[in-house]
Amino acid sequence: MSDVGKEAESDGTSSSPANNNFKDYERDSFLAFIPQVTKWGCGILSNEVKTVARGVVAAPSFTKNFVGGACKFYWANPRTLYKEIVSGFTVAIMQVPESIAFSFVAGVPPLSGLQATWWMAFVTGIFGGK
């Protein structure tokens with residue numbers, strides 16, 4: 001090895017990828033992020049619990065008013081009820097081949113795609129949305 005190479009190695013300025021120029025830098029342990037994530041997650045969870053508790057208390061009166069209003073509306077407009085039922089079945093039927101096709105594209109079993117579609121529809125039905 002030449003004298004230039006020895007001098008560069010002794011200075012710690014070698015250009016080899018194995019050389020560590022950050023000897024003074026102290027890293028956190030690999031799992032140091034867990035307490036912060038736990039604190040953040042517990043804060044979100046406590047807010048969600050409060051929201052659900054308020055919803056459970058208000059649910060009986062809301063449900064009574066909602067179901068009563070929906071029954072009155074559909075009793076007065078039976079054609080609208082028919083159209084909504086037909087559109088719901090149409091979307092449900094067309095979603096089956098789409099979810100199977102996307103599961104093949106994603107490389108997962110078709111049953112996983114169908115189950116994901118069912119859960120997506122269930123959660124959307126509960127929380128509303130488009």
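Leaving aside its neighbours within four places in sequence, which residues is Ser103 in contact with? Keep that question in mind as you browse these close-up views of a predicted model.

View 1. Welcome to the overview: the chain holds 4 helices and 0 strands. Starting at the N terminus, its elements read α-α-α-α. Of the 130 residues in the chain, 3% are buried. The chain has an accessible surface of about 11,700 Å², and carbon and sulfur atoms account for 68% of that surface.

View 2. Look for Ser103 in helix 3. Is Ser103 buried or exposed? Ser103 is buried, because its relative accessible area is 2% and buried means under 20%. Here is the reply to our opening question: apart from neighbours within four places in sequence, Ser103 touches Val108, Pro109, Pro110 and Gly113. The side chain of Ser103 also comes to 2.6 Å from the backbone oxygen of Ile100.

**View 3. Ser99 is another serine of helix 3.** Helix 3 covers residues 78–106, and Ser99 is part of it. With a relative accessibility of 5%, Ser99 counts as buried. A polar atom of the Ser99 side chain lies 3.0 Å from the backbone oxygen of Val96. Setting aside neighbours within four places in sequence, Ser99 is in contact with Gly113, Leu114 and Thr117.

**View 4. Helix 4 has a span close to the expected one.** Helix 4 takes in residues 110–127, which makes 18 residues. How far does helix 4 reach from its first C-alpha to its last? The reach is 26 Å, close to the 26 Å expected at 1.5 Å a residue. After helix 4 comes Gly128, with a positive phi near 80 degrees.

View 5. Six names to find here: Leu31, Phe33, Ile34, Val37, Trp40 and Ile44 make a nonpolar surface patch of about 600 Å². One of them, Ile34, belongs to helix 2, which spans residues 34–76.

Key:
Residues numbered from 1 in each chain as written. Predicted model: local features only at pLDDT ≥ 70, side-chain atom pairs only at ≥ 80, totals over all residues. Heavy atoms only, no water. Patch = residues over 30% accessible without salt bridge, like charges linked within 9 Å, V, L, I, M, F, W, Y side chains within 5 Å. Areas by Shrake-Rupley, 256 points an atom, 1.4 Å probe, with all protein chains shown as cover. Salt bridge = Lys/Arg side-chain N within 4 Å of Asp/Glu carboxyl O. Helix = DSSP H or I, 4+ residues; strand = E, 2+ residues; numbered from the N terminus. Buried < 20%, exposed > 50% of the residue type's maximum accessible area, 1.4 Å probe, protein only. Polar contact = N/O pair within 3.5 Å; in protein donor to acceptor, adjacent residues only side chain to side chain. Contact = heavy atoms within 4.5 Å. Expected span 1.5 Å × (residues − 1).
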